[in-house]
Amino acid sequence: MTDEVTFVEGPASNWIVLTGSDGVDLIDAGYPDDAPLVVESLAAVGAALGDLRRIWVTHAHTDHIGGIPELLRGAPQAVVLTGRADVEPTRGIGREQVTVAKLGARLLRPLWFRWALSAARAGGLRDIAVPTARALTAADVAGSALEPIEVPGHTDGSTAFVLDHGAVVATGDVIVTHHPTLPRRQPPRPQAIDAVFSHDPGLARDASLTLLGSTATVVLPGHGPAMARTLQGWELLEG
Ligand SMILES: [Zn+2]
């Protein structure tokens, strides 16, 4: 059972620590070079790698699964769970990730170029393979405090996780509130990620509308700050 949800806004992508009475779970694990920061965020809730039970994956992109191989070296007991269609990409087979060719002329824009550079520096171009990853099952979910929702589009196996009895949703990249490729001055708001990052942009957009239409009043996105729905609209969630 989850007692506490700790949202961590990493340098370029986010992860979530779920603290329970018998250990901790993670949702996502950042870029490869974020692994030490993930360990720090476990320490911040009084946990160590030995306490890590499960890593739930929102989708098999390097900025969300990149930290997993290093974490597993210190936490070989941890189970890595993904949506069915993202199992093979998480294992390193056939990832649906944006390529330099697909980004094309966008890379000539300073914001995009800077993002690509920082992504590469954080290990974004490294081949990530988590051979032990497997599809999450009803039995896994039964022992947890989250409810997965299949939200294909960004990747075929994209999964959102509902927490806190429906009040909170961890959206992965189906909904982001900001992104390094957006101007910094642009106020954060829940939105679909730029279509270029999605395997099937049409489906990804539908999925983002589905999540925005859900009962959740708190969005914990894959990129950008956490936000809460208020009578005045979406506002930053105070930490
Ligand atoms: Zn991402």
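Which residues are the protein donors of the zinc ion?

## Zinc site

In this predicted model, the zinc ion has as its protein donors Asp63 through OD, His64 through NE2, Asp173 through OD and His223 through NE2. These donors lie 2.0 to 2.2 Å from the zinc ion. Along the sequence, the donor residues follow the spacing D-H-x108-D-x49-H.

The angles among the four donor atoms run from 88 to 159°, and the site of the zinc ion is irregular. For reference, the ideal angle for four tetrahedral donors at a metal is 109.5 degrees.

## Placement of the donors

Where in the chain do Asp63 and His223 lie? Asp63 belongs to helix α2, which covers residues 62–65. His223 is located in the loop between β10 (218–221) and β11 (227–230).

## Aromatic pairs

How many aromatic pairs does the structure hold? There are four aromatic pairs. One of them is formed by Trp112 and Phe197, whose rings are stacked, at 5.5 Å centre to centre and with 10° between the planes. Trp112 is in helix α6 (residues 110–121), while Phe197 is in the loop between β9 (168–172) and α8 (201–212). This pair thus links distant parts of the chain, 85 residues apart.

Phe197 also forms an aromatic pair with Trp115, and here the arrangement is edge-to-face, at 5.2 Å centre to centre and with 75° between the planes. Because Trp115 lies in helix α6 and Phe197 in the loop between β9 and α8, this pair ties together parts that are 82 residues apart in sequence.

## The ring cluster and its surroundings

Which residues do ring pairs link into a cluster? The cluster consists of Trp112, Trp115 and Phe197. Phe197, at 7% relative accessibility, counts as buried, and so does Trp115 at 10%. The cut-off behind these assignments is a relative accessible area under 20%.

A charged residue accompanies one of these rings: Arg106 lies over the face of Trp112, at 5.5 Å from the ring centre.

Methods
Residues are numbered from 1 along each chain as its sequence is written. This is a predicted model: local features need pLDDT of at least 70, side-chain atom pairs count only at pLDDT 80 or more; totals for chains, interfaces and linings use all residues. Side-chain values use heavy atoms; hydrogens and water are left out. Rings of Phe, Tyr and Trp (its six-membered ring) pair if their centres lie within 6.5 Å; planes under 30 degrees apart count as stacked, over 60 as edge-to-face and the rest as tilted. Helices (H or I, at least four residues) and strands (E, at least two) are DSSP runs, numbered from the N terminus. Buried means under 20% relative accessible area, exposed over 50%, partly exposed in between (1.4 Å probe, protein chains only). A charge sits over a ring if NZ of Lys or CZ of Arg is within 6 Å of the ring centre and within 35 degrees of the ring normal. Donors are N, O and S atoms within 2.8 Å of the metal (3.2 Å for Na, K and Ca); water is not among the atoms, so sites may look incomplete. Four donors count as tetrahedral if all angles lie between 85 and 135 degrees; four count as square planar and six as octahedral if opposite donors are over 155 degrees apart and all others between 65 and 115; anything else is irregular.
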